[in-house]
Amino acid sequence: MTSTSRAPRETAGGTPYDPLRLCVFATIALLGWVLGPLALLGFAMLGLVGYTQAYRAGLTRSKCFLRDTRLVIAYLGLLAVAGAVGVWFWVR
């Protein structure tokens, strides 16, 4: 007898749910672990540029936990600064 909690989730089309985001998150965590502050700086800058362009195009609400695009931009800017400081200490 199988439990419904152990049954794979399905999408509206009847195909099994693909947890791709979990694989992406694990890959990003691996890169962060291997590359340290350099990875933080790179991902923060990538997100900062993307959110800044989206904000200029009119995006005011994000799916990010912070919701407000300006808060997300400030958060990513803070991460970029932390990454840059980390790279400076790493190279020094």
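Okay, hi everyone. Before we start, this is a predicted model, so local features need a pLDDT of at least 70, side-chain atom pairs count only at pLDDT 80 or more, and totals for chains, interfaces and linings use all residues. Residues are numbered from 1 along each chain as its sequence is written, and side-chain values use heavy atoms, with hydrogens and water left out.

Let's begin with the overall layout. The protein has 3 helices and 0 strands, and along the sequence that reads α-α-α. Helices here are DSSP runs of H or I with at least four residues, strands are runs of E with at least two, and the numbering goes from the N terminus. How much of the protein is buried? Of the 92 residues, 16% are buried. Buried means under 20% relative accessible area, exposed means over 50%, and partly exposed is in between, using a 1.4 Å probe and protein chains only.

Now contacts, which means heavy atoms within 4.5 Å. Take the contacts with a separation of 6 or more: 42% of them are between residues 24 or more positions apart.

Next up, helix 1 and helix 2. You describe two packed helices by the angle between their axes and the distance between the axes. Helix 1 covers residues 20-35, helix 2 covers residues 37-56, and their axes come within 6 Å and cross at roughly 130°. The axes are lines fitted to C-alpha atoms, for helices over the stretch in contact, and the angles run from 0 to 180 degrees between N-to-C directions. So the two helices are oblique to each other. In degrees, under 35 is roughly parallel, over 145 is roughly antiparallel, 65 to 115 is roughly perpendicular, and the rest is oblique.

Which residues meet there? From helix 1 you get Ile28, Leu31, Gly32 and Leu35, and from helix 2 you get Pro37, Leu38, Ala39 and Phe43. That contact divides into 7 nonpolar residues, 1 polar and no charged. For the sorting, Ala, Val, Leu, Ile, Met, Phe, Trp, Tyr, Cys and Pro are nonpolar, Asp, Glu, Lys and Arg are charged, and the others, Gly among them, are polar.

Let's zoom in on Ala39, in helix 2. Ala39 counts as buried because its relative accessible area is 6%. Leaving aside neighbours within four places in sequence, Ala39 touches Leu31 and Gly32. Ala39 and Gly83 are 44 residues apart in sequence, yet 7.8 Å apart in space, C-alpha to C-alpha.

Pro37 is in helix 2 too. With a relative accessible area of 22%, Pro37 is partly exposed.

On to helix 3, residues 69-91, where we find Ala80. Is Ala80 buried or exposed? Ala80 is buried, because its relative accessible area is 7%. Skipping neighbours within four places in sequence, Ala80 is in contact with Leu41, Ala44 and Met45. Gly42, in helix 2, is 38 residues from Ala80 in sequence and 7.8 Å away in space, C-alpha to C-alpha. Gly42 counts as partly exposed because its relative accessibility is 41%.

Now a bit of backbone. Most residues other than glycine have a negative phi. Arg67 has a positive phi of about 70°, although it is not a glycine. Where is Arg67? In the loop between helix 2 and helix 3. Arg67 is partly exposed, at 40% relative accessibility.

Last stop, the largest pocket, with a volume of about 200 Å³. On a 1 Å grid over the protein atoms alone, a pocket is an open set of points with protein on both sides within 12 Å along at least five of seven lines, and lining residues have an atom within 4 Å of a point. Volume is the space filled by probe spheres set on the points, which are joined across faces, edges and corners. The lining is Arg21, Val24, Phe25 and Ile28, which splits into 3 nonpolar, no polar and 1 charged.

That's it from me, thanks!

Terms used. On a 1 Å grid over the protein atoms alone, a cavity is a set of points where a 1.4 Å probe fits but cannot get out, and a pocket is an open set with protein on both sides within 12 Å along at least five of seven lines; lining residues have an atom within 4 Å of a point.
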